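I am keeping these notes as I look things up, one topic to an entry.

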Amino acid sequence: RRARVGRGRRMSTYAELQSLLRAANEARTVRPSVPLALATLVGVDGSSYRQPGAQMLCDADGRVLDGAISGGCLEADVATRAAAVCESGGGVLVSYDLREDLENIWGFGTGCEGVAHVVIAPLASTEPLERALALADARQSGVLLTTVTPDASSEVGRLQLVTLANAAPSQLPLCELVLHTGAPSIVPPVLGVPVLPPPHLVLVGATRGAEGFAAVAGAAGWGVTVIDHRETSLAALSLAPSEARLTVRPEQAVEALRTGTCLSDARTFYALCTHRFAHDQQWLAALLPTRVPYIGVLGSRQRAARLVHALTAAGQALRARDHARIYAPIGLDLGGESPTAIALSAIAEMQSVLHSRPGGSLRERRTPLHTRSDTPTLGAASASAAVCAVDATRASENARAAGSSRSAPSTRTDRE
């Protein structure tokens with residue numbers, strides 16, 4: 001049984017937000033007089049390389065500074081429109097029909113087979129984005145709102161960060177929906193994108209495989225903490241500067257989790273790799289009352305059964321939910337016996353739990369790959385804004401580059 005998390009479909013938002021802010025700050029430092037614009041993918045009909053909520057930073061010179069909203073076929077035209085937006089000072093909602101327009105206008109097709117709705121607006125301040133990143137860093141959740149169609153109080157492209165605690169009554173239903181599903185959604189006139197803490201791996205045991213676990217998780221954009229009661233073993237590990245070492249004795253596990261010294265929220269994943277039965281038992285007993293969705297235990301199936309039996313014999317009743325969160329032996333059935341191969345299979349299993357996916361081959365999947373937000377209702381003025389051949393040469397180069405990076409065009413629909 002898989003533990004249902006349902007809050008991981010936008011796992012990349014945190015890393016993309018970090019990159020976007022770095023690019024904006026660098027641009028304003030190097031070229032402070034050049035205005036910036038932010039493009040946001042707000043809706044999709046049919047197939048799309050990116051999901052709603054994807055963002056791209058451009059400047060008034062028509063340059064793409066960071067991010068992407070497609071596989072490469074829209075970026076050049078969006079950057080050109082961003083330059084016009086910077087000059088006019090007003091946001092626009094643009095619709096790109098990739099099923100026909102590229103073939104009809106430029107004489108080539110990318111096989112994207114979808115309609116993309118993009119909001120392009122001046123980025124006068126990065127403050128909402130900075131607040132969103134700070135919220136995620138604090139292991140809290142919120143919703144980043146982008147105005148899609150104008151109303152009496154907001155212009156197209158206006159950004160606002162809200163939480164359930166400070167959302168206006170009119171915003172609350174959308175915020176609750178977005179945070180419950182973990183997926184972007186539109187309730188006109190705004191798109192809501194979840195702002196969630198980045199996934200975090202806590203590895204208990206500074207053993208031979210710890211560095212492999214940290215390397216794989218770090219490459220996936222996860223936070224990493226390695227815990228052990230032996231300071232010398234922790235110090236000997238080769239970890240990235242951003243990866244933490246924490247000295248906690250097994251008998252201190254309950255207190256460390258209670259006080260927050262060790263993370264224990266719904267986006268934190270534990271791997272118990274101490275190689276000591278008593279230590280794994282103490283950590284497992286301490287973790288079961290928490291909200292963590294995944295507790296992986298290194299070792300055989302028989303050893304895991306002994307751990308569970310030891311807990312029940314000690315008077316700790318395990319619910320069905322507890323059994324569903326214990327993954328032992330740890331990892332997906334990928335093969336490989338090296339420490340790094342074991343770490344890869346374990347992180348892959350955690351990823352599947354994070355996204356509530358079965359972990360099989362995508363070739364065998366018969367349902368859409370991504371959950372999409374509802375398509376926005378376009379006003380009369382916006383509906384006439386279609387893709388135009390402003391820069392056919394640059395667009396052609398980008399589209400061909402995108403086509404070469406994909407092995408086959410998608411033919412899936414986008415409703416789940």
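Before the first entry I needed a definition: a crossing of two helices is left-handed if the near helix is turned anticlockwise from the far one by less than a right angle, and right-handed if clockwise. I also noted that the model I am reading is a predicted one.

**Entry 1: helix 1 and helix 4**

I looked up how helix 1, residues 13-30, lies against helix 4, residues 127-137, and found that their axes come within 10 Å and cross at roughly 140°. Angles over 145 degrees would count as roughly antiparallel, and helix 1 and helix 4 are therefore oblique to each other. With the definition above in hand, I wrote down that the crossing of helix 1 and helix 4 is left-handed.

I then listed the residues that meet: Tyr14, Leu17, Gln18, Leu20, Leu21 and Asn25 come from helix 1, while Leu129, Glu130, Ala132, Leu133, Ala136 and Asp137 come from helix 4. Sorted by class, the residues of this contact are 8 nonpolar, 2 polar and 2 charged.

**Entry 2: the chain as a whole**

I stepped back to the protein chain, whose secondary structure comes to 14 helices and 15 strands. Of its 416 residues, 51% are buried. I also looked at contacts between residues at least 6 apart in sequence, and 67% of these join residues at least 24 apart.

**Entry 3: helix 6 and helix 12**

Next I turned to helix 6, residues 210-219, and helix 12, residues 339-354, which pack at an angle of about 45° with their axes 8 Å apart. Helix 6 and helix 12 are therefore oblique to each other, and helix 6 passes helix 12 in a right-handed crossing. On the helix 6 side the contact is made by Gly212, Phe213, Val216 and Ala217, and on the helix 12 side by Thr340, Ala343, Leu344, Ala346 and Ile347. I counted the classes in this contact as 7 nonpolar, 2 polar and no charged residues.

Which residues of helix 6 are buried? I found Ala210, Gly212, Phe213, Ala214, Val216 and Ala217, and these buried residues pack against strand 10 (200-204), strand 11 (223-228), strand 13 (268-272) and helix 12. After helix 6 comes glycine 221, whose phi is positive, near 90°.

**Entry 4: cysteines**

How many disulfides does the structure hold? I found 0. Cysteine 86 is in no disulfide, and the nearest cysteine sulfur, that of cysteine 58, lies 8.2 Å away, whereas a disulfide needs the two sulfur atoms within 2.5 Å. Cysteine 86 counts as buried because its relative accessibility is 15%, and cysteine 175, at 0%, counts as buried as well.

**Entry 5: two single residues**

Is glutamine 171 buried or exposed? Its relative accessibility is 17%, so glutamine 171 counts as buried. I located glutamine 171 in the loop between strand 7 (159-162) and helix 5 (172-181), and, leaving out residues up to four places away in sequence, glutamine 171 touches Leu145, Gln160 and Val162.

Histidine 323 I found in helix 11, residues 320-325, where histidine 323 is partly exposed with a relative accessible area of 43%. Apart from neighbours within four places in sequence, histidine 323 is in contact with Val308 and Leu318. Last, I noted that histidine 323 and isoleucine 295 are 28 residues apart in sequence and 9.8 Å apart in space, taken from C-alpha to C-alpha.

Conventions. Residues are numbered from 1 along each chain as its sequence is written. This is a predicted model: local features need pLDDT of at least 70, side-chain atom pairs count only at pLDDT 80 or more; totals for chains, interfaces and linings use all residues. Side-chain values use heavy atoms; hydrogens and water are left out. Axes are lines fitted to C-alpha atoms, for helices over the stretch in contact, and angles run from 0 to 180 degrees between N-to-C directions. Helices (H or I, at least four residues) and strands (E, at least two) are DSSP runs, numbered from the N terminus. Angles under 35 degrees count as roughly parallel, over 145 as roughly antiparallel, 65 to 115 as roughly perpendicular and the rest as oblique. Contact means heavy atoms within 4.5 Å. Ala, Val, Leu, Ile, Met, Phe, Trp, Tyr, Cys and Pro count as nonpolar, Asp, Glu, Lys and Arg as charged, and the others, Gly among them, as polar. Buried means under 20% relative accessible area, exposed over 50%, partly exposed in between (1.4 Å probe, protein chains only).
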